[in-house]
Structures are given as C-alpha cells and as structure tokens.
Amino acid sequence: LQYCFAYCSIFPKNWKFDHKKLIRMWIAQGFVQTESGSLLEDLGIEYFKELLARSFFHTLRQGNRMHYVMHDLIHDLAQTVSHSGCARVEGNMSKSIPSSVRHISVSSNFLSHLKKQCDLRRLRTLIVYKDSSMTSSTIPVNFLSELKNVRTLDLTGCLISELPKAIGYLIHLRYIALPDTIKVLPESVSMLLHLQTLDIPKKCQLDALPEGIHQLISLRHLGVDLKYISMIRGIGSLVKLQGSIEFHVKTESGHTLEELKNMKDLHGLLHIKNLENVQCEDEACDAQLSNKEHLKILKLEWTSAGSAFGPPMDAEVLQCLQPHKNLEELHIKRYKGESSPSWLELKSFEVGFLSDLKSLYLTNCRRWKLLPPLGQLPSLKLLHLKEMSSVIQIGIEFYGGGTMTFPSLKDLEFDDMSNLISWTGGNGNLNFPRLRKLK
C-alpha cells in the first residue's frame, strides 16, 4: 500500500484519478502481487478501497462519472513517502532531478529537455502531460530508444499522429497510453511481449492495428474501438485479454469461433456477428462460452444473407453457444431456427441457470414458433420481442407454470409481431406483479 500511495505523487495536485487506470499502472510496476490465482485487478481494487477508506482519496462525482482526488496535504505526504523516487516537472526545468528518481511526470513542452536533466535509462515510469499552450508536439529523435527499462509510458500529452518505430525497443514495457491524435501504430508494437495495457482513445481514427498484435500474449487491456478489435486475426492467442470485444466470424483461419475457446477472462460485452459463417456444430461448441464467467452482456447475431454451406445450422449453433449462468443481458438477432435452445427451457431454470439474467432481446427471429418459459427467469426485468413473425399464439408455455411468473419484469415490449393472434394462459394476479411498461 505504501508503494501504491507514494506512486500517486507523480501526478499533479488536484489530479482527477481514474482508479482503473491507476490500478493498471500499479500492476505494471509490480506493486500488486497475488498467489491465490485471483485477478490482479481485483486485488488492485482492494488496495484502492483500502486507501480510500483511510481518506487518502476522496470521491468526486461529475454526472455519471466518478473520479477521485487527493487533498493537497495528502499529496505532499505521498511525495515525502516516495523518498525522492518520484518527481514532477512543473513550470520550469530549473530544479535538479535526483538521480534516485524512477517515476517522473513532465509537461510535453519540456520533454526535449528531460534528457539533459536525468538518466532516461533509470526510469520505470514516464508520464507526459499536454501543455495547454502547445498546438503540436513531437517525441525527440532517439528519445524512446533510451527508455530501456520503462514499464509505464503515458504519451497522452504528445500530440503525435504516428508512434515511432523505436517503441519496439522497450522490451520491459507493461503499460502504454496514447493520445487521441494517433493514427498509425508501427508493426514493432508487436514485439512488446510483456505489454499488459494498450490504451488508445475511442475517438482515434487508426489506419489499422498491427498485423502481429495477436503476439502480445501478456495483453490484459486493449482500450480501442470495438471495430478494430474485430479485425484482429488470431485473437485467441490473447488469452489474458479482459474487457469487451466484437468478434466477426469468418471461414478463414484466425477468425473462426474456436479463437474464443481459451479467452476466459473477457469482461463486459461479447458481440459475435456473422454466425451464418460457422461451418460445423463442433466449431460453435469449441467457443466454450459457458466458461466465461465474467461476461455480463452477450450478443449473438446472424446476417440476413444466410449460410453458404447448405441448410441453416442456426439451431445447432445456438445450442452450442450456451452462456455462463452469470450472464445479465442476452441479445439474439436474425436467428433462423424454429425452436428454443435447451438452455432457454424450463429444466435449465430449475437448477438456477440464467438466474441473473436481467434483459432479453429476441429480434428478427422469423422462424421461431414457440416462446420459451421466460416467466420462470427470477431476475428478468426487461423483455423485448421484435419481428418474431412465426409466433402465432402465446400460451401457458410462455409462463412456465410456476406459482408466480415474471416476478421481476418491469418492461415488456412486442414490436412488429405481425402474425400474433392470441395471448392466453397464466395465473391471474400472480403474473407480472412488477410490470410498469407494456408496449
């Protein structure tokens, strides 16, 4: 905790901390260690909560966003505790930088002078802030190649469009954050085999990701627009990757569903598109979605074009894409099967499967005839059915026959159910006890 606290002194006073980024920097420096097999990020959150509980940080809420700040006196304490291991270059370069400094922050307009003031080879952290008076900035020639031992490199203050090829020399690099002006990443990025975090702002208009990015086997966090992640060939090599991804199924090697097999640490959203390109049932089963316990949202999507491999295999594919029981939101779009997968049937719910599912969207599944017993999902709050044109009747099967059905449902919407004739069944007052919106 002392290392983590002292490290915060390299940020300017009144800095608004994003706790997730800060924890990733701690991990990059080796301050967070675990032997229990739990995620480093989870332990890092516990460290942060401990510091928060001791009032080293206080909370600042801006709209829906939560930031954390340090009081000036606490910041001074962090500087004292760091024992000259951390330094900030603010205002001018006149003050000397102790030789013991390993972690430093500097304004972009002083970056070119830093080389004269300290030994770059000793640095473990370099954070470059944007100077408000500068409209453009560059990284000095040969600057990166001297940062031989740096683990954390934040270049968000450098208004550059292309990352220098010399980045490939930084073999110890664990964390790199880039500015929102970046457009070109060199292929040498693929040589950073220890890299854990590659943070690229969503607004960046990249030409492409490096072809060899799948070689970054230590990568845990890839902060980039999902459309770029979907282009990665052989993404299955990134077995430690966390966060959300979009995956486009193709028939070519490196883009089949088997790539997802060992990616057990995915968090947030997994959006799988072009499922009509799955060539066999085994390919879908090899994705092993049921072992991805941290996923909260799963989107399964076929295109309207249909399969190029004979009759649609949609029912078999959907059956194999059974999610983990912890899933909270499920989307199924343009599925061409006529029936529900077994994991959406009553027997599954009886053993607590999908007991955390809060939202379900079934869209444009035009051959699906009988709705599954969704009334037995205990946590379901939102159910949207759209363009389910083969559903002619909704009966008792929809409720599932329990003593109370749809116990948590608040929002129910039917949209463009063109052939629906009747809706019957249920248990009177024990149906939809919490319904607020019916559309």
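These exercises, each with a worked solution, go through parts of a predicted model.

Local features need pLDDT of at least 70 and side-chain atom pairs count only at pLDDT 80 or more, while totals for chains, interfaces and linings use all residues. Residues are numbered from 1 along each chain as its sequence is written, and side-chain values use heavy atoms, with hydrogens and water left out.

**Exercise 1. Lys16**

Task: Describe where Lys16 lies and which residues Lys16 is in contact with.

Solution: 
- Lys16 belongs to the loop between α1 (2-7) and α2.
- Its relative accessibility is 40%, so Lys16 counts as partly exposed. The classes are buried (under 20% relative accessible area), exposed (over 50%) and partly exposed in between, with a 1.4 Å probe and protein chains only.
- With neighbours within four places in sequence left aside, the contacts of Lys16 are Leu60, Gln62, His67, Tyr68 and Val69.
- Leu198 is 182 residues from Lys16 in sequence, and the C-alpha atoms of the two are 21 Å apart.

**Exercise 2. Helix α3**

Task: Check the length of helix α3 (residues 40-53) and work out where its buried residues lie.

Solution: 
- The expected span of a helix is 1.5 Å times one less than its number of residues. For the 14 residues of α3 this should be 20 Å, and the end C-alpha atoms are 20 Å apart, which agrees.
- The buried residues in α3 are Leu40, Glu41, Gly44, Tyr47, Phe48 and Leu51.
- Viewed down the axis of α3, these buried residues fall within an arc of 110 degrees, so they line one face of the helix. The arc is that of the directions from the helix axis to the C-beta atoms.
- An α-helix has 3.6 residues a turn, so residues three or four places apart point the same way.
- The cover over the buried residues of α3 includes α1, α2, β2 (65-69) and β9.
- Just after α3, Ser55 has a positive phi of about 65 degrees.

**Exercise 3. The cysteines**

Task: Identify which cysteines form a disulfide.

Solution: 
- A disulfide is a pair of cysteine sulfur atoms within 2.5 Å, and the structure holds 1.
- The pair is Cys285 and Cys320, with sulfur atoms 2.2 Å apart.
- This pair links distant parts of the chain, 35 residues apart: Cys285 is in helix α7 (residues 281-285) and Cys320 in helix α8 (residues 314-320).
- Cys285 is partly exposed at 34% relative accessibility, whereas Cys320 is buried at 11%.
- Cys118 is in no disulfide, and the nearest cysteine sulfur, that of Cys86, is 13 Å away. Cys118 is buried, at 14% relative accessibility.
- Cys280 is in no disulfide either, the nearest cysteine sulfur being that of Cys285, 8.7 Å away.

**Exercise 4. The sheet of 8 strands**

Task: Give the order of the open sheet of 8 strands and follow β14 to the strands it pairs with.

Solution: 
- The order is β10-β11-β12-β13-β14-β15-β17-β19, with parallel pairing.
- β10 (245-248) and β19 (437-438) each have a single partner strand, so one side of each is left without a neighbour in the sheet.
- Strand β14 (residues 359-363) runs parallel to strand β13 (residues 329-333), joined by 5 bridges. Leu330 has Leu360 in β14 as its bridge partner, and His331 stands opposite Tyr361 in β14.
- β14 also pairs with strand β15 (residues 382-386), in the parallel sense over 5 bridges. Here Thr363 is opposite Lys386 in β15.
- Of the 5 residues in β14, 4 are buried.

Methods:
Helix = DSSP H or I, 4+ residues; strand = E, 2+ residues; numbered from the N terminus. Contact = heavy atoms within 4.5 Å. Pairing = 2+ DSSP bridges.
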